[in-house]
Amino acid sequence: MSELLKIKELTICPANAPSRKLVSNVSFAIEAGKTTCVVGESGSGKSLTALSVMGLLSHQLVRTNGHVLFQGQDLANLSAEEMRKIRGRKIGMIFQEPMTSLNPVLTIGFQIGEPLTVHLGLKGHALKSKVALLLEQVGIPAHRANSYPDELSGGQRQRVMIAMSIACEPLMLIADEPTTALDVTVQAQILTLLDNLKTSMNMGMLLITHDFGVVADVADDVVVMFRGEVVEAGTVDQVLNSPSHPYTKALLACVPDAEGKKPLKPIDYAWLKSERVPV
Amino acid sequence: MSEFILKARDLNKFYMQRTGRFGFGTTQVKALDNVSLKLRHATTLAVVGESGSGKSTLARCLLQLQPLDGGSVFFQGRDLADLPAGELRRQRRHLQMIFQDPFASLNPRMKVGEIVEEGLLIHGLGNKDERLDKSLKMLVRVGLAESDMNKYPHEFSGGQRQRIGIARALVLEPKVVVCDEPVSALDVSIQAQILLLLKELQHEMSLSYIFISHDLRVVRHIADEIAVMHQGKIVETGCIQEVYESPKQEYTRNLLRAIPGQKRQMV
């Protein structure tokens, strides 16, 4: 199997409190053409893990241990210049809030074209036609290239974000809660779009979510995080149908199902603490 | 008294929206378009719809927090619009609201004890000791500690703040509670806690809930009846099981199909 990205024993701490581990000993791998979902509650360290892959951690946080290997190359050893060549070119990223991650004073056509100019040197007519192609690919009419972000709906903005991130045909896509801010019908459309793009471009996808419904629909592999640690990892069938860690079981028990048959059971954190099995 | 505690008939609400170049033009947006609904005593009616469907406008209009452009709301058979101001204020005690954002809906400069007590004070219920005693009992009932009375909202997590919001609304012993997306800002484990708490309290206090939500999985668990809103109109209503198992409208079918997690069986 071709491992695209390998995270090994990743540990992240606040710069001024090196003993407080926000992400502790996290290891997992992502393969080309597969979707790996990282699930967890807020504060479990799932976003930090993704940001550190991209080298986008805040200056107040430091990586105290571990490696992030992309195609066998340790991203930590790269200079800022080299990292910039990977970011957006080989690894694309989609953020949660399509409102705040687009520049309101630039047309979406310009913003989609920017990575193409920077990384591939596309200009003029070639650039224009590639942007049009990308817009079609994500389901926005090509003439909307001259629109500004505020003229688009939330779902369309997220489509623009996706077009930007796949512009340079990256090998891997990181999506941090890409559908959390969207309506459920739009969410279904965006997830289908991402899934189709992943297959057609054979991308590896790292999808961060807190929604087990989303996991069930798109994941190949699942990583469950709790308080900065990976408590369980495996294929989607393993994790969803026969979870082995008590936290995974507890988390699954509080997800409401669409049929309303399953009684809801909140997580008993005190019990988890006493039951805490080594990970 | 009829079995319906709250009835809304032909509610209409319009907004003017600026359109065109530099916003010189205006068009009318129908936020509520002839909306009628009935809430049975001690049951939960869920109002679902996508963003912009008018469900939050409906919540505010039902409680007379926003003036209506047409239609009437009957609480225990009385038209709220016909009540004199003083009487409406007295009735508000029975009509409470739980808000979506537990970060924005609590006054950051007031202590939790004061926040919960304020309603009792405004409605002149009990003397100082009784009010204090009532607020304390309510706070403990929703799962907070006695010592939390003297803390400020920022000292609490999102789930705890939502508990404060619930205590604030329920200390007045209301009859109807409108819950506007009460769990959508919370983690799934906290969401389960709050949903169970709301159900328990409904049972204990015979509360009738209007439960506004965009999450059809949550609604399936808490509601007895459901109203589906789309572009200011109610497109389908019925008992929850009926609507989920055999939806009549195409729009409802689309919503139900879009619920994530249906491609695979989960434990």
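**Exercise 1.** State how much space lies in the largest cavity of this predicted model, and which residues line it.

*Solution.* The largest cavity holds about 30 Å³ of space. Here a cavity is a set of points, on a 1 Å grid over the protein atoms alone, where a 1.4 Å probe fits but cannot get out; the volume is the space filled by probe spheres set on the points, which are joined across faces, edges and corners. The count comes to one cavity of 30 Å³ or more. Its lining (residues with an atom within 4 Å of a point) consists of B:I98, B:F99, B:S105, B:L106, B:Q162, B:G165 and B:R168. Helix α5 (residues 158-170) of chain B supplies the largest share, three residues; helices are DSSP runs (H or I, at least four residues), numbered from the N terminus.

The model is predicted, with local features needing pLDDT of at least 70 and side-chain atom pairs 80 or more, while totals for chains, interfaces and linings use all residues. Residues are numbered from 1 along each chain as its sequence is written, chains are lettered from A in the order written, and side-chain values use heavy atoms, without hydrogens and water.

**Exercise 2.** Determine how α3(A) and α5(A) pack.

*Solution.* Helix α3 (residues 108-120) and helix α5 (residues 154-166), both of chain A, pack at an angle of about 25°, their axes (lines fitted to C-alpha atoms over the stretch in contact) 7 Å apart. The two helices are therefore roughly parallel, the class for angles under 35 degrees. In the contact (heavy atoms within 4.5 Å), A:I108, A:Q111, A:I112 and A:P115 of α3(A) meet A:V160, A:A163 and A:M164 of α5(A).

Notes. On a 1 Å grid over the protein atoms alone, a cavity is a set of points where a 1.4 Å probe fits but cannot get out, and a pocket is an open set with protein on both sides within 12 Å along at least five of seven lines; lining residues have an atom within 4 Å of a point. Axes are lines fitted to C-alpha atoms, for helices over the stretch in contact, and angles run from 0 to 180 degrees between N-to-C directions. Angles under 35 degrees count as roughly parallel, over 145 as roughly antiparallel, 65 to 115 as roughly perpendicular and the rest as oblique.
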